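This report describes selected features of a two-chain model. It should be read alongside the sequence and the coordinates.

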Amino acid sequence: MGLKTPLYDTHVREGAKIVDFGGWDMPLHYGSQIDEHHAVRADAGLFDVSHMAVLDLGGARVRECLRFLLANDVAKLKTPGKGLYSCLLRDDGGVIDDLIVYFMNESWFRMIVNAGTRAKDLAWLVAKAAAFGVSIRERRDLAMLAVQGPNARAKTASLLPAPQRDAVLALGPFVAAEFGTWFLARTGYTGEDGFEIALPAGDAAAVWTALRAAGVRPAGLGARDTLRLEAGLSLYGNDLDEKHDPLSSGVAWTVAFEPAERQFIGRGALERVRAAPRFELVGLLLEDRGVLRSHQSVMTALGPGEITSGTFSPTLNRSIALARVPAGAQGVVQVEIRGKLLAARVVKPPFVRHGKPLISM
Amino acid sequence: MSDIPSELQYTKSHEWVRSLPGNRVEVGITDHAQAALGDLVFVEVPEAGRRLTAGAACAVVESVKAASDIYSPVNGTVVESNAALASSPELVNQAPYAGGWLIRIEIDSGGAAPQLLDAAEYARLLADEAQ
């Protein structure tokens, strides 16, 4: 018996196949994860992401604190509600977690972190934030839904009264705002447009039912994984971990080296990696038939690498992967699958965005 | 409740076996197995002529989530494998006992009879696994 979100009974009623995910009993799919994947690419899908943790950081020096704790620079967040994707690093540059942080006001930032890393994140943040007088409150009173797909925003807005509806639809990408008891952000993990909504746990089941009535289809963790991998988005524990730095993990774009005078945890280690990069994360498209999986070995002209995430792409009808390979590897590489070497091509993720393939087949 | 046709035989590893004329059998995976695996996206079956040993891995089915070995229920030789699965692996999900069959095998003559379960025994196995 694992931890249950406020929507557990709803999932069971919807016919979900429940699996253990980092200690949580979560829906893998509700019948066909491929159908759910296509529903998100073509229309709108509904995910329960209540296992993720919402942390509220408060204090007069919270911005200063986060400029030191995060590899990305919250100085970029100038308007209330604006969000930023960042890694949380150890001193040696290893990735503790990846997260989104929102600037709400000068004494309140909101952070959304992964379920599996929640405990270590909290321990790390509490220890580091003390010196800045910043308090951290975990919002276990909140559930979280993700509504994703080309029609997700319109279908979500249809639940709201007219004035709020317009404001919700006017929200820019990676911006959040509070609407009554909802904290609604135009973010996601699928490569499609949509919202992620944190709301009181007691309201989650009713909102789920209303979204279903608006024509949004439930989607499980299985579809969430194929969608995020097609979108080239990292999964903590697969593509990101404490043994690797963000520059070798496909998220170099989230590290703010400028301004040069900003000190942040892990900066020294990353400066050394940046001067002499050894590995990078690339996309792979399998040219042969089969399915790429994490931990399969990759042979490149520059040396060996390893797949960090692999799956079958329902949109491309081919197998795709993210792989950590020697920096500069390109062209056709070999992947070992059950003792056989199969050809795969190095490509630049994302593979799919807004319903459209982005790589040539 | 998964479908367990009474005229077939079964293995503990969730393959089904259909007797064909001339000491041959047709083999697939059960309705229970396909449901547990989820949407299949790749099936690797042995070529005709390959020798199979009862209990040894002889094919692989991959769902979006994972790869699973399929075990030969008998000693014998592959006569034919289901070519349609190369382009339509979803047939195994849609019709596990019909269009989703995997291989046809000519059983070795003179060997011991294969150890298989009947439908009632397989239903009990599933009930036990569900405990």
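Strands here are DSSP runs of E of at least two residues, helices are runs of H or I of at least four, and both are numbered from the N terminus. Strand 5 (residues 83-89) of chain A runs antiparallel to strand 6 of chain A, and seven bridges join them; strands count as paired if DSSP finds at least two bridges between them. A:S86 has A:L99 in strand 6 of chain A as its bridge partner.

Strand 6 of chain A also pairs with strand 7 (residues 108-113) of chain A, in the antiparallel sense and over five bridges. Two residues link these strands in a hairpin, and A:N105 stands opposite A:W108 in strand 7 of chain A. Of the 11 residues in strand 6 of chain A, nine are buried. A residue is buried with 20 or more other C-beta atoms within 10 Å of its own, exposed with 12 or fewer, and partly exposed in between, the C-beta atoms being placed from the backbone.

## Nonpolar cores

A nonpolar core is a set of buried Ala, Val, Leu, Ile, Met, Phe, Trp, Tyr and Cys residues joined through C-beta atoms within 7 Å. The largest has 72 residues, of which A:V101, A:F109, A:L145, A:V147 and A:I197 touch the most other members. Strand 6 (residues 95-105) of chain A supplies the largest share of this core, seven residues. A second, separate core of 54 residues includes A:L286, A:A344, B:V27 and B:C58.

Leaving aside neighbours within four places in sequence, A:I197 is in contact (C-beta atoms, placed from the backbone, within 7 Å) with A:M144, A:L145, A:W182, A:F183 and A:L184.

## The loop residue A:L316

A:L316 belongs to the loop between strand 16 (303-313) and strand 17 (318-326) of chain A. This residue counts as partly exposed because it has 17 C-beta neighbours inside 10 Å. Beyond its neighbours within four places in sequence, A:L316 is in contact with A:F351, A:V352, A:P357 and A:M361.

## Conventions

Residues are numbered from 1 along each chain as its sequence is written, while chains are lettered from A and ligands numbered from 1 in the order in which they are written. As the model is predicted, local features need pLDDT of at least 70 and side-chain atom pairs count only at pLDDT 80 or more, whereas totals for chains, interfaces and linings use all residues.

Definitions and conventions: Contact = placed C-beta atoms within 7 Å.
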